[in-house]
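Please look over the following model, with attention to its hairpins, its sheet and the packing of its helices. The report below takes up these topics in turn.

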Amino acid sequence: MRFLHCADIHLDSPLRGLERYEGAPVDQVRGATRRAFENMIQCAIREKVDFVVIAGDLYDGDWPDFNTGLFFAKGMAQLGESGIAVYVVRGNHDAASKLTRSLPLPGNVHLFPHKAPKTLIDDQLGLAIHGQSFATAAVLEDLAAAYPSALPGYFNLGALHTSLTGRPGHDNYAPTTELVLKSKGYDYWALGHVHAREIVARAPWVVYPGNLQGRKITEQGAKGCELVTVEDGSITTESIALDVLRWSELVIDVAGMTDLDALLERAAAEVRSAMTKADGRIVGMRFRLHGASAVHRDVSAHPEVIVEQLRAMALDASAGNAWVEKVDFRVRPYAAINRFATGDDPVALLVRELDAFAQDPDKLAALANETLRDMQLKLPAELTQGDELRLDDVEVLRDLLREAEDELLARLAGERGTP
Amino acid sequence: MKFARLYLKAFGPFRDRIVELPAGASHGFHVVFGPNEAGKSTMLRAVTGFLFGIPERTGDAFLHEYNALRVGATLTLADGQRLSVMRRKARKATLFGIDESTGAEITDGPLPDSAVSDLLGGLDLGLYQNLFGLDLNGLVAGSDELLRGEGEVGRSLFQAAAGLASLRTVIADLDDEAAAIFKPRGSSGRLNRALHEFDEHKRALKDTTVRTAQWETAEREYRQAAAEHGQLREALKDRRSEQLRLQRIRINLPLLAERQLKREEAASIAHIPLLSADAPQLRAAAQERLRNAEDAKQSAEARLAQLESAAAGLVVREGLLEYASAIEQNFHAVDAYRVARESVPRLVRERADLSEKIRKLLAEIGAYHEVMDARELLPPETLLARVESLIDEQDRLTERDEQIGERIRAKETAIEQLEERLAALPESAHLDALEASLASVANVADLEIRRRKLDCDIADADGRLQRDTASLWAGSLAELVVLTVPMAEAAGTFENEFAALAQEERLVAENDVTLRRDLEERRRELEVLATGEIVTQAELAAARAERDRQWADLRRSYSADGSHAAAKAVGAAIPHAVAAAFEATIRESDRLADLLRADTERVTTLEATRQRIAAMQTEAQRNEEQRERLAGKRGNLEQQWAAVVAPLRRKDLSPAALRDWLSRHQRLLERHGEWESLRTEWALVGRDIARARSLLDTALLACGLTASTADESAAGVLARAQQAVNGARKARADRDAVAEQIRAGAAELRDLVKQRQQTTARLAEWQQKWASAVERLHLTTDAVPAEARTRLDQFSRLSTTLEALSRLMEESSAHESVATRFDAKVSDIARTVAETAQGMSSDTVAIRLYDALAETRSADMKRQQLANDLEREIRTSADAAIAAAQARDALHELVRLAACDSVDELPEVEARAARKHSLQHRLHEIDEQLVQQNARPVDDVLHEAGAWTLDGVERQLEELGTEVEVTERQVEAAQEAVFGAKQRFDAIDGGTAAAEAQQTLQSSATRIAKEARTYARARLASAILNQVVQLYREQHQGPLLARAAEVFARMTLGSFAGLTVDYEDDRQVLLGVRPDAARVPVAGMSQGTRDQLFLALRLAAIEQHIEGRGPFPVIVDDLLVQFDDERAVATLEVLSELSSKTQVLFFTHHQHLVELAERSTMKEKISVQRL
């Protein structure tokens, strides 16, 4: 018996943080989640699996384009034509989705109910599959606890959308423990919700396959599904990469670099390495520049120029297959900045003053309010609630302050900044 | 921290240069002077390179490799410790220690970069130079910025303190950057545009997103429209089928009427039997057959009677038929019988002829046998063959014997001729001794060639040596060879010294030229500057002194009088000339002051130029002294050189020429050596030739030939000897060849004689065999082969004749037997068939029998034919009888079927049956047509037609037509509705438009976030910088301004007494204060004064920085070139005061600044380093 286990498809949800610019591989990345999903369908057909189990979050509930559902249904129909059954539990994202309820799904798709757990049996395969969907977006009780015990003589599979005992970066839904799962006597627990692949346990198998396509820089590495083979009572799993765009953070230590050419050269090497690892896929990359060196001044004085140069270099080094998501500047000068703070000169005063703002959130908020209010009023609300634009957040402001400090010191050093 | 020493190890043009920076009581005020090109700027870069690292790309690596660049320093730290560090150009580990006492580099222990940067408070090059550096560009830019900023206090102070060229530009840049991103009331900023795009994308997303309800509606509408469409189509279908039904009825009605009529007629003749359609034809045929059968029977019976009478008249002899084959055989044998009977007499004659011939042959052979026994006489075949073979053998043996005899005679003649030739050939001489010695002297010719070559070479070498000697030396070659010469190294040393000297002289000369040119230029400049009125300080001072003097005079005279009235009187009494003179003096001094003020710069330059000229003249003097010193040095060196070259008797030799002379001398010595070795070889070759000659002579004499003569060359003698030896060798070879031919001929002759003996023996043997063979042929033993051949021929003819006789006797007996057997057979048959044979020969009887047989056979055939005819006629008669009976039966059957009484009634019945048939057929056709037209049973059609009439149907059809048209239009409309609904439903096809719009929106949001952050950063930076500027003013204005005012006053030489701050349009601005308390805004100051104001602010700030951060070397780069001497001196004094707080490195390439410093009162405080 062979089956695919996937979860968190989040069909049609957009890739985050990819600003468009000249040369960015916009076309190659278009519809990435759909193409990853298609890859899954093809994989199931190619591997001649007996069934596919989807452990929740087919699509995002807050973004209900019915076309998404129809596309999903088409994929399911393709599986149906190949005689592949699909077992689906709904997760927090698609729990309350009206879309899911109205969508006409082909007969090979079995949707688990949300009121109580249900067991579906395939006598031909000797398969008993247990599952329960989310009724609402936030299910806080332990669903697994109510799952029935294993059916003797069958291969028992539990499908569940859960955060287990909690996973960083993920809401704590349908919490449960390994002990509860173990107590059911199942052979395999097909979990969903957590976007990073994780084999939680092997006796019995408790597996998060991760999502099909990483959607932001925090979802790095290969993404896809599990191909599970059950043979003579032994289970083997294999992770199949299905993603179209791969996220990668390229960390570059600038220590010892004396000029920008060295930085670009090093970054180009990192890009090439990332491209090789991505196996021909598009790579969404974030450069994280850190360390102390002489290039600090160049980088701080004209960060936008550095971004442009890194983008151009990445395009060149990747043959147009890299999309620079962001450049995170964490470069420091040789000496600790607080050494500037001694003395009565303008530089020392500036550093002290910046430090005073950083130390005093009220003062900082007042300054921000005074200087940025005009702009904030114009920013759309859905953005100011997001992660990037929280200009009322002290940490965000401190970050900006740090960048402003770098920029000011660079400008005070004038053109003679670079030795 | 301060520099105690700089190591310019490898940097720019410097190599291993150490610059000491001694500190006196103060931290040190070091004036580093380097004229143009001497490396002042390089040294400045070396200092900053040491402190902050040597830049990645530097122009200072033209002499040294990039990675060889080194600059080091010994630093004195705040705690009095000393630190010696070397900086190398590299990406990392650039610092390592130096042993200060030895200067050795400690390369195995690199120091961290922080070892130096920590000492600088972590400042980088830019910040350091801005805070602690002073240069002309910074000064001018700062001063200009003071003017543009109208002396706004906060910014002025901050700018001066931070060493910024333009604070205004920094803030403006930040504000511009922010404005380029976002304008609160605009739409052109990048963020404004991004926000606008975001809204558009949001709308696009809304437009493309398909809500679930939308899909449900579309689906429902599609379903409903489809259902409605279906219903209407059903209704239309019903109406159309009713229409069809009525049309069908309309078509059926006429047929149905005809059907009714026909059925009624058929009922009227229902009792008539239904005869087959061909009944009349059947009846006529039966009647015809009956008539034919009766006719045939009558004619057959008549023919039968005729045949029977013919058969009765025929006779046939059966016996002849029985022996037909024997009769035929005999008939065919008649010819053979007749031949046999006639050939017997010819055969008897031929036998007698042959017997006679045999008897004659026997007589020839000589044998007297009977004819019948003659066969025994024939010899066997083997004997015949043997005799043939012996005849052949005798021919061969005889021929061979004759051939051998011929060859023996030829060979004997040849040998005799060869012997005569041998006797005629000469005997050969014996020259073995000569031949042996030839080998050992074979190379004598080469030796002679070699000696001639050596003669030439020696002569050449000798000539060259003489020529070389003459060019090198005044004496003989022998003297030159043993002459002691100076060492080449001495020449090198002297050459270097001369070159160094020449270099120095050239430098002095060039310097002189440059100096003179510069001097000329300066003088021209001076002339230009001096054109027009030049007011110097001195002139102004003089004019003022004159004014003051006149005023004093006036005052004196005024005071001396003592009373107001008197004063008035005096005033009135002041002579007009005095007043005018005083006024003129006042005007003049004012004018001069004005001019001076307006022309300060020109005056400064004029002064500077004058000083420069003076300095140049001094330098020209120094140059002259140098030249004299160098002339003395040259004299000395030339004297020493003359001593070195004296032994060579060549006073004119220069060091370079000596090197050349020495190398040529060396070459001459080498050639002399070569010449000597050539001579030695010449002697050896001569000896070898003489030895070869004597050897040859000895050998020639020994062989009886003449010895060599004196005028004959060794090669000639050798050739003569060789010729003699070759002649002797040829004679010997000729004789040997002839003797060999004679020997071979004799051997051949012997062989031939032996062959002839063998042939003779074989002939004797043949004779024996021949005798025994011919005896058996009835010949004598001495018979020759020709006889034997004749006898063989006779035997052959006898044998042939015997054969012919035998064949003839066999033929005769065969003929006799044939005739006998034929007679017997014929008589036998004749007796059996009772044929008369009496008196007739057998062959005649046989022919008669044969003819009788033929007659009988003909009769027999006729009888057979008649029997066949009879049988046929009987059959014909019987057949006719049967056919007549059948025809009668058929007629009876027809009558029965027609249910009538006789054949005669049949035609009437047949006509009525045919009518009945036709009716039935038509009815059937009608039914079929109805069924075909309606595709259903006739009963259904009848049922459907019911009581419809044609008119009724037409009316109903017209109404229905209208109804159908209406319904059709309704169906069309419904169809369109379905199509539209389906399109709307199908449009929701799982497409990506909304997903892509969402992605675009996301990208747009990312751009907004980025731009917003950049904007926020720029705005925060700008706001904070403004705050810091004001804060700095608040904290430092008092002390900073106080100190700056003090410095400013000193640098302006009291032209200003200080500085103050006042409000102007709500801004605090900086003002200069004159000694008379007049306030001068920045805009009212001259460029020079403004420069000094900015410098005063900078110096005050630097002093303050040092208080805050501790002492750092202050680097001053050619700052004072635009100051006049007095202000420059004043500034140098201020700087020297600064050196009591921290080290000051003053770089300049202006000599007069150095001289000013050296002449000034703080001479002791200053240490000057000249590069």
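In the hairpin of β1(B) and β2(B), where 2 residues lie between the strands, B:G12 adopts a positive phi near 55 degrees. Strand β1 (residues 2–11) of chain B and strand β2 (residues 14–20) of chain B run antiparallel and are joined by 6 bridges, and B:A10 has B:R15 as its bridge partner in β2(B). Strands here are DSSP runs of E with at least two residues, helices are runs of H or I with at least four residues, and both are numbered from the N terminus; two strands pair if DSSP finds at least two bridges between them.

This is a predicted model, in which local features need pLDDT of at least 70 and side-chain atom pairs count only at pLDDT 80 or more, while totals for chains, interfaces and linings use all residues. Residues are numbered from 1 along each chain as its sequence is written, chains are lettered from A and ligands numbered from 1 in the order in which they are written, and side-chain values use heavy atoms, with hydrogens and water left out.

Chain A also contains a hairpin, formed by β5(A) and β6(A) with 4 residues between them, and A:G126 in its turn has a positive phi of about 75 degrees. Strand β5 (residues 118–122) of chain A is joined by 5 bridges to strand β6 (residues 127–131) of chain A, the two running antiparallel, and A:D122 stands opposite A:L127 in β6(A).

The two chains can be set side by side. Buried means under 20% relative accessible area, exposed over 50% and partly exposed in between, with a 1.4 Å probe and protein chains only; contact means heavy atoms within 4.5 Å.

| Chain | Secondary structure | Buried residues | Contacts at separation of 6 or more that join residues at least 24 apart |
|---|---|---|---|
| Chain A | 12 helices and 15 strands | 58% of 419 residues | 71% |

An open sheet of chain B consists of 3 strands in the order β9-β10-β11, with antiparallel pairing. Because β9 (1058–1064) and β11 (1079–1081) of chain B stand at the edges with a single partner strand each, one side of each is left without a neighbour in the sheet. Neighbouring strands of this sheet are turned against each other by 45 degrees on average, direction ignored. Strand β10 (residues 1067–1073) of chain B pairs with β11(B) in the antiparallel sense over 3 bridges, and B:L1071 stands opposite B:P1081 in β11(B). Helix α28 (residues 993–1051) of chain B packs on the sheet, where it touches β9 and β10 of chain B, and its direction makes about 135 degrees with that of β9(B).

How do the helices of chain B pack against one another? For the angles that follow, axes are lines fitted to C-alpha atoms, for helices over the stretch in contact, and angles run from 0 to 180 degrees between N-to-C directions. Angles under 35 degrees count as roughly parallel, over 145 as roughly antiparallel, 65 to 115 as roughly perpendicular and the rest as oblique.The axes of helix α14 (residues 444–472) of chain B and helix α21 (residues 655–702) of chain B come within 8 Å and cross at roughly 155 degrees, and α14(B) and α21(B) are therefore roughly antiparallel to each other. Their crossing is left-handed, a term used if the near helix is turned anticlockwise from the far one by less than a right angle, with right-handed used if clockwise. By class, the contact of α14(B) with α21(B) has 15 nonpolar, 5 polar and 13 charged residues, where Ala, Val, Leu, Ile, Met, Phe, Trp, Tyr, Cys and Pro count as nonpolar, Asp, Glu, Lys and Arg as charged, and the others, Gly among them, as polar.

Helix α8 (residues 212–268) of chain B and helix α25 (residues 906–934) of chain B have their axes 10 Å apart and pack at an angle of about 160 degrees, and α8(B) and α25(B) are therefore roughly antiparallel to each other. The crossing of α8(B) and α25(B) is left-handed. Among the residues that make the contact are B:I251, B:L255 and B:R259 of α8(B) and B:L919, B:L923 and B:I926 of α25(B); by class, this contact of α8(B) with α25(B) has 8 nonpolar, 4 polar and 9 charged residues.

Helix α5 (residues 153–162) of chain B has 9 of its 10 residues buried, so α5(B) is largely enclosed by the rest of the structure. The buried residues of α5(B) include B:V153, B:L157 and B:F158, and α5(B) is followed by B:G163, whose phi is positive, near 65 degrees.

B:V738 lies in helix α22 (residues 714–775) of chain B and counts as buried because its relative accessibility is 3%. Not counting residues up to four places away in sequence, B:V738 touches B:L418, B:R421, B:L422 and B:L425. B:V738 and B:A423 are 315 residues apart in sequence, and their C-alpha atoms are 10.0 Å apart in space.
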